[in-house]
Amino acid sequence: MRLSLETLDSLSPAVARPGYDFARQRAGIVHFGIGAFHRAHQAVYTDDAMAAGDRDWRIIGVSLRSADVAEQLNPQDGLFTLTERSSDRTVTRLIGSVARVIVAPQDPQAVIEAIASRDTHIISFTVTEKGYVRSPDGSLDRANRAIVSDASAAGPPQTIYGFVAAGLARRKAAGLPGLTLLSCDNLADNGARLARLMSDYLTDTDPALAEWFARTCRCPGTMIDRIVPAVTDADRQRVAASIGLDDRGAVITEPFSQWVIEDDFAGPRPRWETVGAQLVPNVGHYEAAKLRMLNGAHSALAYLGLARGHEFVHQAIADPELAGLIETLMRSEAAPTLPPDSGIDLGAYADALIARFANSALAHRLIQIAMDGSQKIPQRWLEPLAINQQAGRSTPATLQALAAWIQHVSGAARPVDDPMAAQLADLWASHGADGIAAALFGTGGVFQASWTPSAGSAQALQAHLDAARN
């Protein structure tokens, strides 16, 4: 039987259930990008907050493209299980915080109505870096076809900006208050960047709404952290055997979870801080540590590990050569770029990350981490490279990882899953292995705004590329 409200009596008693009547709660959050990470992170914190006494904070999920998650969750009345796996235990619980999922291309008006509802107070996002439709310099990509379409109102909205603008316009016309826009993506300074991108879009399309947005809405920064591998059919079969029901929306994750949120909301919010989230004046230090140490190390493991024939994170970190390189990247190259007064014990943080990477109970695929690298490397590697270069510090581990990414996007070993795949392939075709690094990072290169290598760094990067050919 399929997991749903009607079949809950058949759910294994070993599965912990929400401590509240979720069917009686209204939705107060609209979330774009309701993938596995959101379901293992924000949806869990929200579930816990309602179990602790908060009311009417269920989540309406929005899928901008695929209907996969809607097909997983809607027949299950939004219910799904979360399984935490470590080397010594496995614990499964039922999550009731998701009300339903809207597939935006199928029902765009339902998305707009959800944003415009007087019950909605927060719009949140896990749309990955590419969902923000930015140019290489970080600004709104006004030449993007979906942005052009949304800005001209030629049809239903296609981007987060088009949907949010339409919903906010209805709220403004109805005299409803502004909303909190909460980015939960691994995007440096994500709150301020979302505010700037949204403001730029509105200024271009509706200046009066842009002024209302600036006056009534807020975009707090966040730092999110939890390792959530892609779920396989084998995983779902194991979950079904454990819980006694077929759960198409099951997610599997590690026990660790962290959420740091800037305390700057436009209106009501769940009391996430009572269930483990940290509400702070500024998330910058936490965010930088996570992006440069955890995410930077993850990306390095992905590209270097794939090149050495590994499939999973725990296999790559068990490789002595890669383990030493990752230690160097985190402790000697990423950590020194963080302010000494961050309040974070960076040595202990690195120790904890190595232990998390080694969790063999999580089948975290390197190819999953390797996706969309062009959108990730600026904040994970290029910013630390620029900081270290200015300070006169060498960065051999990061440069070796960067060379592995350059080799990966050539497409020689495997297909490239990246929004810039075609552009990167063209650069490889026109510049070859001897000129590709300069075309990407040299003066006038695609990523020049983030980092331009010194002569020594350019030479070291080219040496790594040459070694990969031999």
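Modeller: Two strands count as paired if DSSP finds at least two bridges between them. The model here is a predicted one.

Colleague: How many bridges join strand β1 to β2?

Modeller: Strand β1 (residues 27-32) runs parallel to β2, and five bridges join them. Ala27, for instance, has Arg58 as its bridge partner in β2.

Colleague: Which residue in β5 is the bridge partner of Ile60?

Modeller: That partner is Arg100. Strand β5 (residues 98-103) and β2 pair over five bridges, again in the parallel sense.

Colleague: In what order do the strands of this open sheet stand?

Modeller: The order is β5-β2-β1-β6-β7, five strands with parallel pairing. β5 and β7 (180-183) are at the edges with a single partner strand each, so one side of each has no neighbour in the sheet. From one strand to the next, the twist averages 20 degrees.

Colleague: How should I read the two faces of a strand, and which residues of β2 lie on each side?

Modeller: The general idea is that side chains in a regular strand alternate between the two faces of the sheet. In β2, Arg58, Ile60 and Val62 are on one side, and Ile59, Gly61 and Ser63 are on the other.

Colleague: Which elements do the buried residues of helix α4 pack against?

Modeller: They pack against β1, β2, β5, β6 (122-125) and α6 (160-174). Helix α4 (residues 108-116) is itself mostly covered, with seven of its nine residues buried. Among them are Pro108, Val111, Ile112 and Ile115.

Colleague: What is the order of the strands in the sheet with mixed pairing?

Modeller: Three strands form that open sheet, in the order β8-β10-β11. Its edge strands are β8 (222-225) and β11 (278-280), each pairing on one side only. On average, neighbouring strands of this sheet are turned by 15 degrees against each other, direction ignored. β10 (residues 258-262) and β11 pair over three bridges in the parallel sense. The bridge partner of Glu262 in β11 is Val280.

Colleague: Which strands of the sheet does α10 touch?

Modeller: α10 packs on the sheet and touches β8, β10 and β11. Its direction makes about 40 degrees with that of β8.

Colleague: How do I read a nonpolar core, and which residues of the largest one touch the most other members?

Modeller: Think of a core as a set of buried nonpolar residues joined through side-chain atoms within 4.5 Å. The largest here has 59 residues, of which Met293, Leu402, Trp405 and Phe441 touch the most other members. Helix α10 (residues 284-307) gives the most to this core, with eleven residues.

Colleague: Which residues does Phe441 touch, not counting those up to four places away in sequence?

Modeller: Its contacts, counted that way, include Ile377, Leu382, Leu402, Trp405 and Ile406. Phe447, Trp451, Thr452, Pro453 and Leu461 are also among the residues that Phe441 touches. A second, separate core has 46 residues, including Leu3, Tyr20, Ile95 and Val239.

Terms used. Residues are numbered from 1 along each chain as its sequence is written. This is a predicted model: local features need pLDDT of at least 70, side-chain atom pairs count only at pLDDT 80 or more; totals for chains, interfaces and linings use all residues. Side-chain values use heavy atoms; hydrogens and water are left out. Buried means under 20% relative accessible area, exposed over 50%, partly exposed in between (1.4 Å probe, protein chains only). Helices (H or I, at least four residues) and strands (E, at least two) are DSSP runs, numbered from the N terminus. Contact means heavy atoms within 4.5 Å. Axes are lines fitted to C-alpha atoms, for helices over the stretch in contact, and angles run from 0 to 180 degrees between N-to-C directions.
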